[in-house]
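Please read this briefing with the sequence and the 3D view side by side. The points are grouped by topic.

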Amino acid sequence: MTQELNDGLPAREAALTLIDAALSRRGGLDEAASANGFRFLEPRERAFARALAMAVLRHLGPIDRALAARLQKAPPDRVMHLLRLGAAQAFHLEVPAFAAVATSVELAGANKASRPFKGLVNAVLRGLLRDAPTPDSLGDDPTLLAPPWLYSRWVAAFGEATAREIAGQIALEPATDLSLKPNADAAALAEALEGEVLPGGTLRLRRKGDVAAWPGFEDGSWWVQDAAAAVPARLLDVKTGEAVLDLCAAPGGKTLQLAAAGADVVALDRSAARLKRLEENLVRTGLSAQVVVADGAAWDDARTFDAILLDAPCSATGTFRRHPDVLWAARPGDVASLANVQARILDSAAGRLKPGARLVYCVCSLEPEEGEAQVEAFLARRPDMELDPIQPGEAGAPEASLTARGTLRLLPHQLDGGQDGFFAARFRKAR
Ligand SMILES: C[S@@+](CC[C@H](N)C(=O)[O-])C[C@H]1O[C@@H](n2cnc3c(N)ncnc32)[C@H](O)[C@@H]1O
């Protein structure tokens with residue numbers, strides 16, 4: 001083993017931890033990435049470990065299928081992750097085949113649980129690289145990129161052709177999107193950051209790296225927010241001085257939009273830890289909001305509002321471009337139980353609106369139970385609420401995302417370069 005390959009071993013070992021955490025529990029990847037063992041790696045190693053784990057998770061379906069064809073029975077988890085890591089490096093990260101194999105074999109030998117499988121790791125990876133030398137020959141077919149149960153749901157909801165388009169986005173690395181403060185010079189920032197201004201005003205960049213070092217970060221001219229995630233707050237069209245409640249606010253991308261538009265914002269969330277990030281974002285951007293830690297369904301406060309944004313907790317299946325782990329950690333029962341939570345918070349939101357006030361409900365989910373079905377059930381429960389149809393081209397949303405009902409079903413492939421999957425609907429309370 002050369003020194004150069006040895007240098008990459010801590011990052012690869014850390015990647016194994018990330019993969020294991022991502023596949024074993026919801027939120028596991030983020031948890032593992034903020035654990036001390038990971039944070040104390042050199043920044044370069046940390047970035048490499050993350051890139052390795054992402055490459056595995058973005059291509060997990062096809063990689064696992066190719067490996068399964070070479071394994072008589074499933075090996076222990078660590079061995080399976082090592083095989084996945086070897087395959088992802090060789091097929092998707094331009095790591096030379098010999099290095100992908102040698103480092104996986106070395107790491108197999110470094111641990112008691114995987115040591116007996118050193119020979120298997122070597123043989124399986126060598127065979128795979130010999131017989132399937134390109135990602136295409138590995139079978140990087142969109143229909144394999146999502147877990148089968150989720151893919152079947154997307155076929156049922158959107159049809160086979162659209163489900164393929166959606167799933168095809170799983171393998172692609174997303175751009176970085178920025179939301180700009182209204183007084184920021186979009187053209188100057190676009191030039192400085194080599195970005196493109198999208199309809200609606202999001203600045204899309206291809207650059208990677210430490211965003212805190214980019215022009216405009218320190219002076220709070222922008223914050224990172226996916227193009228689709230920026231749409232719902234625009235739909236509220238808030239005015240200076242309006243009383244606005246952001247009912248599931250943290251880490252605060254949408255609160256910043258509402259505050260930047262001049263509204264008097266209450267930013268509520270159940271998670272104090274996530275609200276800390278929201279407060280840091282407010283300080284950096286020089287914006288203000290009243291921050292409240294509470295359960296949005298049971299907040300003991302009698303105030304009513306001109307507008308409410310409810311970006312509800314959800315299965316987050318639409319965020320797979322940056323969080324491919326959500327696809328593999330989600331369980332079929334999650335959608336129904338989250339839909340119940342959403343309904344409770346929606347009802348609470350309706351009770352906090354002034355007569356004639358607006359409510360925007362959104363979720364970063366691709367699942368109809370959390371979107372279209374949630375809207376119909378809410379309207380049936382609340383005769384005092386009516387749908388306020390969204391107009392074509394409103395808020396910078398691609399026209400293809402507008403449904404016949406006047407809600408938005410933003411799908412990942414509907415924007416050149418991709419976007420998160422989101423659902424949004426706007427309601428108005430009777431006067
Ligand atoms: C999709 S995220 C919100 C993202 C945020 N709107 C933004 O743009 O940055 C959902 C949030 O709902 C919060 N949450 C979950 N259950 C809640 C509840 N019952 N009441 C209030 N917040 C809740 C979570 O802590 C999480 O921060």
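The model is predicted. The protein chain has 431 residues, and 48% of them count as buried. It contains 20 helices and twelve strands.

**The chain as a whole**

- For 431 residues, a compact globule would have a radius of gyration near 22 Å; the protein chain has 23 Å, so the two agree.
- Along the principal axes, the C-alpha atoms of the protein chain fill a box of roughly 75 × 45 × 40 Å.
- Taking contacts between residues at least 6 apart in sequence, 69% join residues at least 24 apart.
- An unreviewed UniProt entry lists residues 151–430 as "domain: SAM-dependent MTase RsmB/NOP-type".

- Under "binding site", the unreviewed UniProt entry lists Cys248, Ala249, Ala250, Pro251, Gly252, Gly253, Lys254, Asp269, Asp295 and Asp311.

**Cysteine 248**

- Cysteine 248 sits in the loop between strand 5 (243–246) and helix 16.
- Is cysteine 248 buried or exposed? Cysteine 248 counts as buried, because 24 C-beta neighbours lie inside 10 Å and the cut-off for buried is 20 or more.
- Not counting residues up to four places away in sequence, cysteine 248 touches Asp269, Gly296, Leu310, Asp311, Ala312, Pro313 and Ile345.

**Helix 16 and lysine 254**

- Helix 16 covers residues 253–260, and seven of its eight residues are buried, so the helix is largely enclosed by the rest of the structure.
- The buried residues of helix 16 are Lys254, Thr255, Leu256, Gln257, Leu258, Ala259 and Ala260.
- Lysine 254 belongs to helix 16 and has 26 C-beta neighbours inside 10 Å, which is why it counts as buried.
- Which residues is lysine 254 in contact with, leaving aside its neighbours within four places in sequence? They are Pro232, Ala233, Asp246, Leu309 and Asp311.
- Glycine 262 follows helix 16, and its phi is positive, near 100°.

- Strand 5 and strand 8 pair in the parallel sense over three bridges.
- Within this pairing, aspartate 246 stands opposite leucine 309 in strand 8.
- Strand 8 is mostly covered, with six of its seven residues buried.
- Strand 8 (residues 305–311) runs parallel to strand 9, and six bridges join them.
- Leucine 309 has valine 360 as its bridge partner in strand 9, while aspartate 311 has cysteine 362 there.
- Strand 9 covers residues 353–363; eight of its eleven residues are buried, so the strand is largely enclosed by the rest of the structure.
- Strand 9 is also joined to strand 12 (residues 422–429) by six bridges, and these two run antiparallel.
- Cysteine 362 has alanine 424 as its bridge partner in strand 12.

**Glycine 27**

- Where does glycine 27 lie? Glycine 27 is in the loop between helix 2 (9–24) and helix 3 (28–33).
- With 14 other C-beta atoms within 10 Å, glycine 27 is partly exposed, because that class lies between the cut-offs of 12 or fewer for exposed and 20 or more for buried.
- Glycine 27 and proline 324 are 297 residues apart along the chain, and their C-alpha atoms are separated by 11 Å.

Methods. Residues are numbered from 1 along each chain as its sequence is written. This is a predicted model: local features need pLDDT of at least 70, side-chain atom pairs count only at pLDDT 80 or more; totals for chains, interfaces and linings use all residues. UniProt positions are given in the numbering used here, feature names are shortened, and annotations may be inferred rather than shown by experiment. Helices (H or I, at least four residues) and strands (E, at least two) are DSSP runs, numbered from the N terminus. The radius of gyration is taken over C-alpha atoms; the globule rule is 2.2 Å times the number of residues to the power 0.38. Two residues are in contact if their C-beta atoms, placed from the backbone, lie within 7 Å. Two strands pair if DSSP finds at least two bridges between them.
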